[in-house]
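Please brief me on this structure.

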Amino acid sequence: MEEVCEGKDYSFPRQEEQILKLWEQISAFETQLKKSESKPEFIFYDGPPFATGLPHYGHLLAGTIKDIVTRYQTMIGHHVTRRFGWDCHGLPVEHEIDLKLGIKSKDDVLKMGIGNYNEECRSIVTRYVGEWEKTVRRMGRWIDFDNGYKTMDLKYMESCWWVFAQLFKKGLVYKGFKVMPYSTGCKTPLSNFEASENYKDVPDPEIMVSFPIIDDPDNASLVAWTTTPWTLPSNLCLCVNANFVYVKVRDKSSGSVYVVAECRLSQLPTNIKKPKADAPNGPAQDSKKSKAKTKTSSNEKVEDKADTGSYELLQKVTGASLVGTKYVPLFDYFTEFSDVAFRVVADNYVTDDSGTGVVHCAPAFGEEDYRVCLENHIINKGENLIVAVNDDGCFTEKISDFGGCYVKAADKDIITAVKAKGRLVKSQTFMHSYPFCWRSDTPLIYRAVPSWFIAVEKLKEQLLENNKQTYWVPDFVKEKRFHNWLENARDWAVSRSRFWGTPLPVWISEDGEETIVMDSIEKLEKLSGAKVNDLHRHKIDHITIPSSRGPEFGVLQRVNDVFDCWFESGSMPYAYIHYPFENVELFENNFPGHFVAEGLDQTRGWFYTLMVLSTALFGKPAFRNLICNGLVLAADGKKMSKRLRNYPPPTEILDSYGADALRLYVINSPVVRAEPLKFKEDGVYSVVKNVFLPWYNAYRFLVQNAKRLEVEGYAPFVPIDWVSLQMSLNVLDQWINSATESLVHFVRQEMDAYRLYTVVPYLLKFIESLTNIYVRLNRRRLKGRTGEEDCRTALSTLYHVLLTTCEVMAPFTPFFTEVLYQNMRKVCNGSEESIHYCSFPQAGGKRDERIEQSVSRMMRVIDLARNIRERHNKPLKTPLRKMVIVHPDSGFLEDIDGKLREYVLEELTIKELVTCNDPLEYASLRAEPDFSALGKRLGKAMGIVAKEVKAMSQTDILTFQRVGEVTLSGHCLKLSDIKIVREFKRPDDIAEKQYDAAGDGDVLVVLDLHLDVSLLEEGVAREIVNKIQKLRKKAGLEPTDVVEVYIEFVGGDKSSLDRVLKSQETYITEALGSPLLPSTMAPLRSVILCEGSFHGISGLDFTIHLARPALKFSLDAILGLYSGVKKYAEGLQTFLLSRDHSKLKSEIQDGNGELKVDCIADQPAVTVVVGQHFFLTVGDYYMTTRAQ
C-alpha cells in the first residue's frame, strides 16, 4: 500500500475528481453491467425530469436515493439497468418558446404553423442535458445517459398510443368535460401551475341572490352568495351542507322571508347601518366559496343567536331536510333541465366560514359545481355539457339577454337584471387577489372544456387493493396520503388542447359515428397508406382514414388534442423499452418493477399515474417498492429561492466538501422519511468531520503501521486470511470482528427494507467504535510493541474490518470507498479492479453478542471513570491506585476482570481493578417511576402508583430486578416502567475525599482518588511522554520515523526529575520506542530536528530535543581492528558517518549484525560488528551499557 497524507491535507473533492477519471478509464459502470448481465434482473423505473431547467437539491436527493438502492442491488447479485429519462413535452417547454417568440395566443401558434412551433420546442428540449449529466455524474450516480429515453422519441410515443388503445378497448376511455382555469385572451385552458403565475389585487362584485322556494307556506327564499355574477345565468342547483342547521327568518322591515345557515345569519343585510369595511380575500375560481374572514356581511362567522333586532326567527331545520327542495330559477335559459335541476342538493364542500351556507352551482364554471351536479345526476358524465361561454369568454346566444357580452364585463348588467327581478338581497364590491393569464394578462375564468377521460372511478377498488400490495418507505405516505388520494380519485382528463406533445391516437368521422384508436404506427400506416416516421402533430394531423362504411361517409380525421404529459410519464414502464413492440419477455418476467423513488409531491403525480395505468392495463401495481422523500428547504425553513439566494448552490457544496459528504448528509436526515429538510452547509461539514475524517484516520493508521514493518526490516505486510483471523484469542479482535458482522447484518437488513436513513447513524457509531476503541486501545499491538506476529494479526484484523466497511458503504459513499479500496487492494492478490464490482459482504460470520455488550459496558465504565477524574481535577496521565466496578451480571464482571482488564487499566491509568456483584456494597438503590412511559397508561392512578414505586425498599427493588415485574395498586409494572437509581454509599472506613463514584443506572464505578509518591512520579512520566509525542507531531514526523530523544534539565528539583526518569524508565522507553537520553550524551554532530521547552510540569522545567539517529563508536574496539593505527580508525568512522543511516541499517541486518568494509582507499579491509565496534544509535549504546 502507498503512503497517504494526513487527514488535514486530504481533499475529498479533489480525490473524487480522480476517482471519476479512474471510472472513465476502466469504463467502470459499463463493466459492472457487463459482469452482472447473467444475473436476475432488478427493474428500476427512473422518473423523467424536464431538461428545460437545471438540477436542484430535490433532484440530487432523489438521484442519491436511486443510486444507493441500485448499487446495493447490484452488489447483492442483480443486474440493474439504469437509463436516464427526459420529460420532453408539455407546458414547461411551450412556456419557454412562448416567452422566446412573444406568442400570446393559440392563433399566434396557428399563424406561424404548428410544425414551426413544434420544431422550436424540440430545439430546446435538451438545452441543459450537458449540465444535468455533469452534475449527476459528479454526485457519483451511475446511470446511462447515452441510451436514455425521451418521451418525444418515436418508440416511446408509439407505446403511449398502445397504452391508450388498450384502455379504449377495455371501455375505460370516454369524452367529457373538465373544469379548468381558462384564458379568454389566449383562448386556451391553463394548468394549475400556469394559473398561479400572475395574481393581482382587483375589485369584484359580491352579491346575495334569493331563490324562492316552490310551495313554501311562508313564501321563503333560499339566499345564495356569489362573487361571480356572470355564472348566475347558468345556475342549475343550490348546494347546502347536510350537517348544518338552517334558519327561516323574516326581515322585520321588509317582510321578506329568507333561509340561510344559522351560523351565517349575520351576513344578511340589516336595517342597522354598519361601517363599511374591506371584504374578503376569496379565491379566484369560486369566490362564492371564499374562506376569507372580514367584518363585512359575507364572511363573519356567527357563533351566537340570530340578530333579533332585524330578523324574526320562524323555524330551524337541518340541511339534510332541505335536500330535494325545488326553487324558482333566476333565469329561464335552461328550462329543458327543469325535471332534474333547480333543486337543493347537499355536499360537505359547503363551509361555515363564508357566504350564507347556500352555494349556487353552475356546472360549466366551477370544478366543485361540476362534481356536485354529476353526483346528483343533474348532468351526466360524457354527455355534451352546455357551456354558454365561448372560447373568447363571451356569452353564447343561449344566454339571449347577454349574448356576445364578455362575461366579466357583463357582471353589472346581470346584477341590474337580478335587481329588476326583485331577487337581489345584497350587493357590494370588495378587493381580492385574482389570477390573470401570464401570457395575455387577462382575468382567468373557470370553464368546462371538452377532454378525453380515463374512467378511474371504475378502478377505485382495484387501485386500493393494488396499493396494499406495494411497500412504501415511509409507510404512512402509502397508508394515509396515497390511500386517501386513491379513495377520492376522480376520472382523469388525459388530453390537452396543446401542440407539443404525443397526439391522441383517435380518428373520428365527420358525423361522429365512427371512431378508430390507433395502437401502433403499423396500424396507422395500413389504414391510411401513409408512411409515418414521426408522431408529432405536424407530422400526422393531415393523415386521414377512409371510412369503413364507404366513400360517401368521407374520411376520419384525428382529434386535435395531445396527451397530458403525466399520461406519458405514467406510461414509462412500458414506453421506455418500447413494449409491447420489443422486450416482451423482459417486461413480462419483471413486472411490476422492483423499485421507484421520487418526492412527496409525486403521490398526486407520477406515483398516481403509474398506479392508474398499470391497474387499468394489467390489474397490478406498477412497482413493488417505493421510497418517498420530503422537500429540501433553505436553512430558514423557507422554499429555496434563486432570487433570495437563501441556499448554497450545489456546485459550491460539491467543490467544498465532495459528493460523498452531501450524499450522507441528505440520507441521514428527515427528508428520507418524507419530512422536510432545512438544508444547512454546516451539516455537510459535520459529516466530513464526524464520519469521513475518523474513518480516514483509521485507514491511515493501518497504512502507516503496515509501512513501518518494511521500514523496520520485516517482510512487507500481507493480510492474514479472514478465516484464520476468526481464531484470534485477542478480545478486541473478537469484538471488532463481531461488531463488523453486526454492521453487515444491520445494513443488509435495513437496505432490504429500503430504510436508508437508519444506516448512517449506525455507521457513525461503528466508525467511532473502530477508532476510539479498536485502534485506540490496540495502539501497542498495531505499532508492533507486542511482537511481529501479534502486530500482523492486529493489522490484518484492521485491514479486513476497513475493507468490509468499504464494501458495506460502497453504495452510500462510492468515491471514498473506492479511494481506500484502490490502495488496500495492492496487498491482496486477485482483487476486483473496482470496489463496485465486489459483492456485498455476507452476514454469515460469527457474532458474539456477549462480547459486544461487554465492550460497550467497558466503554461506559471508562466514560464514568473519566467523569470522576474531571470532577476531582485528576488528569488521565495521573495514575490512580484502585477502581471498583459494581454490576450484578457475573458474565460482564468476568469479562471486565479477565479479557478486558488490561485495556481498562491502561486507558484509565489505574493500578488495580476490583469487581463487585453486590449492588448494595457501594450503593443504595432508589426506585423512580418513568412518568413518560406510565402517564398515559395509568391516567389518574399515576399519583398512587408513583407513591408506591418511590416507597419500594432495597429488597423490593432487588426482587423486582430479578423477577422483571412488580404489581402495585393492581397495575403490573415492567422493567421499562421503573428507573432504578444507584446512589454511591461510601464504605465506613474510607475518608470522604478518598473515594468517589459515578453510575449510569446500569453499572457503578468507584475510584480511589488517594495519590502516593510512586503514583505522582508515574504521572510526571506520562506528562513527559505526552509532551514528546506532541513535539513529534509538531515536527511533522511519521510514526515510522526514528529519532533520538534527549532531555535537558532547566529548573526545579533536579533530583526529583532524576528519580522520575529512573523509576519510570521502563514505561518511558516502551511508550517512546526508545530510551529518553540525557542531553549530555548527544554527540556534537547530532542534527536537531525539533526542540521544545516545558515549564511547571509538576514543578519541573526541562527542554526536549528530537535528533536524527547518530552512530556511537567504541573507539578502543575500532583501534583494535587496525592494531592501534589511529589514522585507519578515524577513516573507518568517517566512512560510516558518510553512509545513509537507513541503508547502513539495512545492510547490517542483511549481514546478521556484521558489515565488511573493504572500500576505503589505502586502508586494510575489516569486518565491523554492531554492538561491539559501534552502535546504530546513541539509544542502543545507552541501553547496552545500562544492561552491562
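**Briefing**

In helix α11 (residues 367-375), the residues Asp369, Tyr370, Arg371, Val372, Cys373 and Leu374 are buried. Buried means under 20% relative accessible area, exposed means over 50%, and partly exposed lies in between (1.4 Å probe, protein chains only). Helices (H or I, at least four residues) and strands (E, at least two) are DSSP runs, numbered from the N terminus.

This is a predicted model: local features need pLDDT of at least 70, side-chain atom pairs count only at pLDDT 80 or more, and totals for chains, interfaces and linings use all residues. Residues are numbered from 1 along each chain as its sequence is written, and side-chain values use heavy atoms, with hydrogens and water left out.

**Around α11**

- The cover over the buried residues of α11 includes β3 (173-183), β7 (237-240), β11 (343-346) and β12 (359-361). Contact means heavy atoms within 4.5 Å.
- His377 follows α11 and has a positive phi, near 60°. His377 is not a glycine.
- His377 sits in the loop between α11 and α12 (411-420). His377 is exposed, with a relative accessible area of 56%.

**Val240 in β7**

- Val240 belongs to strand β7. Its relative accessible area is 0%, so Val240 is buried.
- Val240 touches Tyr246, Gly319, Leu322, Val344, Val345, Ala346, Asp347, Val350, Gly357 and Val358, not counting residues up to four places away in sequence.
- Val240 and Asn348 are 108 residues apart along the chain, and their C-alpha atoms are separated by 8.0 Å.

**Nonpolar cores**

- A nonpolar core is a set of buried Ala, Val, Leu, Ile, Met, Phe, Trp, Tyr and Cys residues joined through side-chain atoms within 4.5 Å.
- The largest nonpolar core has 136 residues. Those with the most contacts inside this core are Ile627, Leu662, Trp695, Leu756, Phe812, Met858 and Met883.
- Helix α23 (residues 681-711) gives the most to this core, with 14 residues.
- A second, separate core has 71 residues, including Leu464, Trp472, Val506 and Phe591.
- Leaving out residues up to four places away in sequence, Met883 touches Val861, Ala865, Val904, Leu908, Ile910, Glu912, Leu913, Val914, Val1005, Val1006 and Leu1007.
- In soluble globular proteins, nonpolar side chains tend to be buried together.

**Helix α1**

- Helix α1 (residues 12-25) has 14 residues. From first C-alpha to last, α1 reaches 20 Å, close to the 20 Å expected at 1.5 Å a residue. The expected span is 1.5 Å times one less than the number of residues.
- Phe12, Pro13, Glu16, Ile19, Leu20, Leu22 and Trp23 are the buried residues of α1. They cover an arc of only 165° around the axis, so they lie on the same side of α1. The arc is that of the directions from the helix axis to the C-beta atoms.
- Arg14, Glu24 and Gln25 are exposed on the other side of α1.
- At the start of α1, a side-chain oxygen of Ser11 comes within 3.2 Å of the backbone nitrogen of Arg14. A polar contact is a pair of N or O atoms within 3.5 Å; within protein, one must be able to donate a hydrogen and the other to accept it, and residues adjacent in sequence count only if both atoms are side-chain atoms.

**Loops and backbone**

- Ser520 is in the loop between β19 (515-517) and α15 (521-528). Ser520 is buried, with a relative accessible area of 7%.
- The Ser520 side chain reaches the backbone nitrogen of Lys523 at 3.0 Å. Beyond four places in sequence, Ser520 touches Glu158, Trp161 and Phe581.
- Val473 and Pro474 are joined by a cis peptide bond, with omega about 0°. Pro474 lies in the loop between β15 (471-473) and α14 (475-487).
- Tyr579 and Pro580 are joined by a cis peptide bond, with omega about 5°. Pro580 is in the loop between α18 (572-575) and α19 (584-589).
- Asn219 is not a glycine, yet has a positive phi of about 55°. Asn219 is exposed, with a relative accessible area of 64%.
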